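Please open the model in your viewer and keep the selection panel at hand.

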Amino acid sequence: MREAQQRILSHFKPVETEMSPLNACAGRVLAADIISSDLPPFDNSSVDGFAVIAKDVASATSASPLTLSVVADIPAGSSSDITLAHGQAARIMTGAPILNGADAVIMVEDTDFNNRNAGTSAPEIVKVFKNIQTGENVRKRGMDIKTGDKILFAGTRLRAQEVGLLAMLGVANLSVYRKPRVALLSSGDELAPVELRLAPGQIHDSNSYTLSVLIAEAGCEVLTLGIAPDQKDAIQFLFDQAIDINADLIISSAGVSVGALDYVKEVVESNGKLDFWQVNMRPGKPLAFGGYRGVPFMGLPGNPVSAFMGFEVFARPAIGRLAGMNTATRPKVKVRLAETIESDGRESYLRAIVEERDGVLSAKLTGHQGSGNLLSLVQANALLIVPAGVKSLAIGDQAEAWML
Ligand code: AMP
Ligand code: MG
């Protein structure tokens, strides 16, 4: 299993990088480290109020307020060249730069300017009702991040907060990995597209849908090739299309077991090579990996749940590496079992619900674990991992689970 994963991974390296505008970067993978400048970029006020010299108002109380003359008005987005002298204050808004000489900001609520409209101009004098510490209500330049700090690393997938931080730094264009192109096909004479009514013996092709979503969510472009019937020529025709559209990876489902009509492996073998066939996991085997005319090929099992698990265990890490990501795995948690579990000694991925009970994460299975029963995967929020060699687990035993 691990060996199979490692062998597959060793065939992948990150795709090329490209420049992208920031507003198109959500979900993309950063290709270069980002070094910060000071944030915030200048000393600024964290409140609406009056910038003062803290010592000046040391004795202020509501019973005996101190009066300062207001010498400047600094709305957000402006600045003042004035240097504050003793006995003086400047009206200042949240986010506006602290003027020279001032070392604290007294909140408007702690002055006699309190109840007046914020839209009015600054008063000529202000009465201060409270003392204040030096530095209070001042956000110092570089307080959050210092110039030169490495704040984002190549290989990071950009979420809303990373995109926002880049915007703070004024990064309008940045180097990201291009999206890997993953060609996807389903194989089997029994499959019909979802739009069509089923003839006797047919089923709808669901794997194309499930896998498209997984591939797209993993940050790739999905090139859907459709359904290949169980005929070598037709399968080859679709594989060749994947080559024409410069796929970085071809993923198929079904057609790689030992059934007499499983032609996918023959087609791949005669146009490239295949690495191995059976992996000791449940559900999931058979799995094929190789190359079709130089493009990596992964053949997942046909059963809908097996195809999903095969993707999670083998395709996700490979796609993550293609996409330039440092880590691509699902978050893993330690859980306690809420029921006994029997296994057959193969590494098993069981559909489970993980929820907190009395302060610990507890796992129970979602019922019938048949490899065609997608509903039990719909009901699951986790995959419970039963390691190879383990045949039974008792209530209260600890195990690991991937959160879905
Ligand atoms: P195979 O690997 O071709 O032996 O297929 C195993 C099982 O998965 C069979 O019951 C197939 O009908 C089913 N199957 C194969 N491909 C798909 C698909 N794309 N969508 C849904 N079920 C499929
Ligand atoms: Mg088949």
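Select Ala254, which is found in the loop between β16 (249–253) and α5 (264–270), where helices (H or I, at least four residues) and strands (E, at least two) are DSSP runs numbered from the N terminus. The phi angle of Ala254 is near 70°, a positive value in a residue other than glycine. Ala254 is buried, because its relative accessible area is 16%, and buried here means under 20% relative accessible area, exposed over 50%, and partly exposed in between, with a 1.4 Å probe and protein chains only. Before going on, note that this is a predicted model, in which local features need pLDDT of at least 70 and side-chain atom pairs count only at pLDDT 80 or more, while totals for chains, interfaces and linings use all residues. Residues are numbered from 1 along each chain as its sequence is written, chains are lettered from A and ligands numbered from 1 in the order in which they are written, and side-chain values use heavy atoms, with hydrogens and water left out.

Next, select Asn137, in the loop between β8 (125–128) and β9 (138–139); Asn137 has a positive phi of about 65° although it is not a glycine.

Two proline sites follow. The peptide bond that joins Leu39 and Pro40 is cis, with omega about -5°, and Pro40 lies in the loop between β2 (34–35) and β3 (44–45). A cis peptide bond also joins Arg282 and Pro283, here with omega about -10°, and the place to look for Pro283 is the loop between β18 (281–282) and β19 (288–292).

Now turn to ligand 1 and display the residues around it. Which of the 15 residues around ligand 1 come nearest? They are Glu190, Asp205, Ser206, Gly302 and Asn303, where a residue counts as near if one of its heavy atoms lies within 4 Å of the molecule. By class, this shell has 4 nonpolar, 9 polar and 2 charged residues, with Ala, Val, Leu, Ile, Met, Phe, Trp, Tyr, Cys and Pro counted as nonpolar, Asp, Glu, Lys and Arg as charged, and the others, Gly among them, as polar.

An N or O atom in the side chain of Glu190 is 2.6 Å from an oxygen atom of ligand 1, a polar side-chain atom of Ser186 lies 3.3 Å from a nitrogen atom of the ligand, and a backbone N or O atom of Gly302 lies 3.2 Å from an oxygen atom of ligand 1. On its own, ligand 1 has 490 Å² of accessible area, of which the protein covers 76%, as computed by the Shrake-Rupley method with a 1.4 Å probe.

Select Gly188 next, in the loop between β12 (181–187) and β13 (191–192). Gly188 counts as buried, because its relative accessibility is 4%. The C-alpha atoms of Gly188 and Pro75 are separated by 68 Å, and these residues are 113 apart along the chain.

Move on to Lys179, in the loop between β11 (173–177) and β12. Is this residue buried or partly exposed? Lys179 is partly exposed, because its relative accessible area is 35%.

A cavity is a set of points, on a 1 Å grid over the protein atoms alone, where a 1.4 Å probe fits but cannot get out, whereas a pocket is an open set with protein on both sides within 12 Å along at least five of seven lines; lining residues have an atom within 4 Å of a point. The count comes to 1 cavity of 30 Å³ or more, and about 50 Å³ of space lies in the largest cavity, a volume being the space filled by probe spheres set on the points, which are joined across faces, edges and corners. The cavity lining has 5 nonpolar, 2 polar and 3 charged residues.

For the largest pocket, with about 340 Å³ of space, select Arg2, Lys332, Glu347, Tyr349 and Trp402, which lie nearest its centre among the 21 lining residues. At least two lining residues come from each of α1 (2–9), α6 (304–322), β23 (347–357) and β27 (398–403). The lining divides into 10 nonpolar, 4 polar and 7 charged residues.

Finish at Arg330, in the loop between α6 and β21 (332–337). Arg330 is buried, with a relative accessible area of 18%, and a polar contact of 2.9 Å joins its side chain to that of Glu312; such a contact is a pair of N or O atoms within 3.5 Å, and within protein one must be able to donate a hydrogen and the other to accept it, while residues adjacent in sequence count only if both atoms are side-chain atoms.
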